[in-house]
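The sequence and the structure come first, and the discussion follows.

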Amino acid sequence: MAIEMSVISVGAVFLVVFLLIVLICTSGQRDKCVQEDQKDSKSTATESRLLQYFYQFLPRTSAPSLPGPPSLFLIGNMMELTHDHLPIHLTNLAQRYGNIYRLKCGPTTMVVLNSTDVIREALVKKWSDFAGRPGSYTGDIVSGGGHTISLGDYNEEWRAHRRLVHSALQRCCQQSLHDVIERQALHLRKVLMDYQGRAVDLSEDFTVAASNVITTLTFGKEYDKSSLELQQLHSCLNEIVALWGSTWISALDSFPLLRKLPNPVFSRLLKEVVKRDEIIRKHLNNYKSQDKINADAITGSLLQGLDKQQSAEHGVLLTDIHVHMATVDLLIGGTETTAAWLNWTVAFLLHRPEVQTKVHEELCTVLEGRYPKYSDRHRLPVLCSLIHEVLRLRPVAPLAVPHRAIRDSRSAERYAVIMTENKED
Ligand code: HEM
């Protein structure tokens, strides 16, 4: 399977390159035919546009101070991104090129960060330098035109949207989150007890539990494992995440000419996005048609926040699309991440029963028989270590979500390397 995947990925990249060359040639010919009788000035403009497009793919030294693997003609370092185990491959490249290196992909230069210190420096200490998100053609399609918090670029609209969602989440955490989670946890316990020690695959149960927390908070609705509606929602969201990560789709971001060709994978992505939006629109409409809107639930709080925000701070007006896309963010961000973490935690605890005993003892001693709350976390160091250790060993989102630098920035580590190199010279 791994070999098959890598053959497909390599094949896809070659096909992309081949199609690109054919397209550049044929579009050049088409321009020539159509414009045969037109004046020189216009054809020069077309040629220079093509040349400009071509130039983006020539090996350039846009970031001369950053090391990185040699960049190939046309495709740059795109082949590096087609590896099956990308996080491991990128970590291996760091052994050769250091904790900060660059990869070129079409006209885009990516900078890969590889150590806790450097990542903390970029995303915490200098977060505002890297507050942007890279825009992309396909990213815009899955995020309803950049209207999600997770993929939207840094601007006043994004800031107002993020503030709205964070305050709705905060309000919800204080008022109903704990009860919703406790209810789902107790239900999950019953499901697990009912297996009576049989060997089972728990992944679906974890997805249902994690998803029910989010759907209760967003739609005011929880589902049974057998629910067709839940299965439709998840198959659609998982399809979008999987298709969006495929080479057939990412090639469209780097090579715009490919968008003019038929692409069945892209058509499937568009279909799933339409399906997702229909499902969420239906739920939000149902929610809004309730006699009394529950402001303890996230959607209620978001809708109330919209009303309050009607005064349009900084000329930004948030609308239903922002509530819609925030729901997408929470469903995609909060379901499979939590479910994958639960799966790995159980898998590790099965092999390390002594850790399981320690966590259990800590819970019994500290909580004295009641269920844990988020505010108890500082008194539960063994449980917190378990959570962090599983995330370290099996990171759920190992490459996180890409950021875009909104201004020039300098890394202390890279600066030290340059200074040392200069001294040695
Ligand atoms: C194991 C669990 C989780 C992991 C590993 C995880 C991971 C991440 C990562 C890496 C980011 C990108 C951060 C950045 O670019 O700076 C992110 C953002 C986000 N996540 Fe999660 N997440 C988890 C759970 C959740 C849950 C439960 C929710 C929803 C209730 C959620 C909703 C979001 C949202 C809305 C964003 C965008 C936030 C923003 O930019 O302000 N995530 N998450």
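## Contacts of Leu302

In this predicted model, Leu302 is in contact with Leu164, Val165, Ala168, Val323 and Ala326, once its neighbours within four places in sequence are left aside.

## Nonpolar cores

Leu302 belongs to the largest nonpolar core, a set of 39 residues in which Leu302, together with Ile240, Ile298 and Ala326, touches the most other members. The elements that each give two or more residues to this core are α6, α7, α8 (228-244), α9 (247-254), α10 (264-288), α11 (298-308) and α12 (320-334), and the largest share, seven residues, comes from α7.

## The chain as a whole

The protein chain has 16 helices and two strands, and of its 425 residues 23% count as buried. Among the contacts in the chain with a separation of 6 or more, 68% are accounted for by residues 24 or more positions apart.

## Packing of α6 with α7

Two packed helices are described by the angle between their axes and by the distance between those axes. For helix α6 (residues 156-194) and helix α7 (residues 203-219), the angle is about 150 degrees and the axes are 10 Å apart; α6 and α7 are therefore roughly antiparallel to each other. The crossing of these two helices is right-handed.

On the α6 side the contact is made by Cys172, Val180, Ile181, Gln184, Leu188 and Val191, which meet Asp205, Ala209, Asn212, Val213, Thr216 and Leu217 in α7. By residue class, the contact of α6 with α7 divides into eight nonpolar, three polar and one charged.

## Packing of α8 with α10

The axes of α8 and α10 come within 9 Å and cross at roughly 145 degrees, and here the crossing is left-handed.

From α8, the residues Gln232, Leu233, Cys236, Leu237, Glu239, Ile240, Leu243 and Trp244 meet Val265, Arg268, Leu269, Glu272, Val273, Lys275, Arg276 and Ile279 in α10. The residues of this contact divide into 10 nonpolar, one polar and five charged. Ile240, which takes part in the contact of α8 with α10, is also one of the residues that touch the most other members of the largest nonpolar core.

Methods
Residues numbered from 1 in each chain as written. Predicted model: local features only at pLDDT ≥ 70, side-chain atom pairs only at ≥ 80, totals over all residues. Axes fitted to C-alpha atoms, helices over the stretch in contact; angles between N-to-C directions. Helix = DSSP H or I, 4+ residues; strand = E, 2+ residues; numbered from the N terminus. Parallel < 35°, antiparallel > 145°, perpendicular 65-115°, else oblique. Left-handed = near helix turned anticlockwise from the far one by under 90°. Contact = placed C-beta atoms within 7 Å. Nonpolar A, V, L, I, M, F, W, Y, C, P; charged D, E, K, R; others polar. Core = buried A, V, L, I, M, F, W, Y, C linked by C-beta atoms within 7 Å. Buried ≥ 20, exposed ≤ 12 C-beta atoms within 10 Å, placed from the backbone.
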